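Student: I'm new to this one. Could you walk me through it, a few residues at a time?

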Amino acid sequence: MQDSVSAKECIDAIAANVEQTVIGKPQQVMLTIAAMLAGGHVLFEDIPGVGKTTLVRSLANALQLPFQRIQFTPDLLPSDIIGVTIYDEVQHDFSFRQGPVFTTVLLADEINRATPRAQAALLEAMAERRVTVDGTTHQLSPDFFVLATQNPTDYEGTYPLPEAQIDRFLFRLSLGYPDERAERKLLAGTDPAAHINDVPPVIDAADLQNLKNMATYVHISDALIDYAWHLIDATRQDPRVRLGISPRGGMALVSAAKAYALCMGRDYCLPDDFQTVIGPTFHHRLVLNQTTVGEDPVPEIIQDILRQTSVPTV
């Protein structure tokens, strides 16, 4: 893959393979791929049964990457995630037994079912792609990619994610119910999850690293950097927002826009790229002045910011 055109063909092939089992969600599939190319993690917040787990497992198969799944429950311990040091009576020495976090694609299923202590066990891994146990640091895969699912926070038995951890997710996505055509296709056929293992591989780890490198070199003009800054600053000035987007959140916006541009077959960014990724990037990072009951006001706030920010000509 030497150019954005061949990269686009490769990315489209990955998406097509995943969409064999995830019916009617092409945009969410493409955004998940973009997050991976940007080196970020994805949080899926949705009701059970809409295909979150199927999407994650299908993506891992299409990429030929090691995959592990952790079912988060209230009794989950940090050592169940990162591993534990044990005493070997034969060798008369201590050895480290790796936990499921030592993989490339990690599905953290129902992450907000576990206690904050267990949730925090992923923080270092997500931020630095390493874990520290008993003073010893263990490196994870450079392509370590967390896709976490969580139930809506009004469900019983859930624990809100710490703000420091939720900020480590590049995107917050929702699959939602399928449209009528897609759901009729689901009802008329077999369960797509039964065919997850049939998803053929498209690329390997070396190809993935090549795509990620290409995403970092996608060109972004000074006018678009200015546009991104105005979008970020608008969140800090909005009276409905108590905590706006941080510098880290701003860098996440730019990285996401560049990766999405590559997914669209370009080696340069357009305003459309920022307008597409701003919702998934900003939604979980905005802290509002007051808790609202009923409809989520954040999408409206983001749309207001987009409308009020002048779009550059590039």
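Tutor: Helices (H or I, at least four residues) and strands (E, at least two) are DSSP runs, numbered from the N terminus. Keep in mind that this is a predicted model, where local features need pLDDT of at least 70, side-chain atom pairs count only at pLDDT 80 or more, and totals for chains, interfaces and linings use all residues. Residues are numbered from 1 along each chain as its sequence is written, and side-chain values use heavy atoms, with hydrogens and water left out.

Student: Is arginine 129 buried or exposed?

Tutor: The cut-offs are under 20% relative accessible area for buried, over 50% for exposed, and partly exposed in between (1.4 Å probe, protein chains only). Arginine 129 has 17% relative accessibility, so the label is buried.

Student: What is the phi of arginine 129?

Tutor: Most residues other than glycine have a negative phi. Arginine 129 is not a glycine, yet its phi is positive, at about 55 degrees.

Student: And where is glutamate 110, which has a positive phi too?

Tutor: Glutamate 110 is not a glycine either, and its phi is about 50 degrees. With a relative accessible area of 23%, glutamate 110 is partly exposed. Its place is the loop between β5 (105-109) and α5 (116-120).

Student: Which residues line the largest cavity?

Tutor: On a 1 Å grid over the protein atoms alone, a cavity is a set of points where a 1.4 Å probe fits but cannot get out, and lining residues have an atom within 4 Å of a point. Grid points are joined across faces, edges and corners, and a volume is the space filled by probe spheres set on the points. There is one cavity of 30 Å³ or more, and the largest has a volume of about 50 Å³. Its lining is Met36, Gly39, Leu65, Thr104, Val105, Arg129, Asp143, Phe144, Phe145, Leu208 and Lys212.

Student: How many residues of helix α3 are buried?

Tutor: Among the buried ones are Lys52, Leu55 and Ala62. Helix α3 (residues 52-62) is largely enclosed by the rest of the structure, because the buried count is eight of the eleven.

Student: Which residues does proline 201 contact?

Tutor: Proline 201 sits in the loop between α8 (180-188) and α9 (205-216), and at 48% relative accessibility it is partly exposed. Contact means heavy atoms within 4.5 Å. Leaving aside neighbours within four places in sequence, the partners of proline 201 are Asn17, Asn61, Ala62 and Gln64.

Student: How many disulfides are there?

Tutor: A disulfide is a pair of cysteine sulfur atoms within 2.5 Å. For cysteine 263, the nearest cysteine sulfur is that of cysteine 10, 10 Å away. For cysteine 269, the nearest is that of cysteine 263, at 11 Å. The count of disulfides is zero.

Technical notes
1 Å grid on protein atoms, 1.4 Å probe; cavity = no way out; pocket = protein on both sides within 12 Å on 5 of 7 lines; lining within 4 Å.
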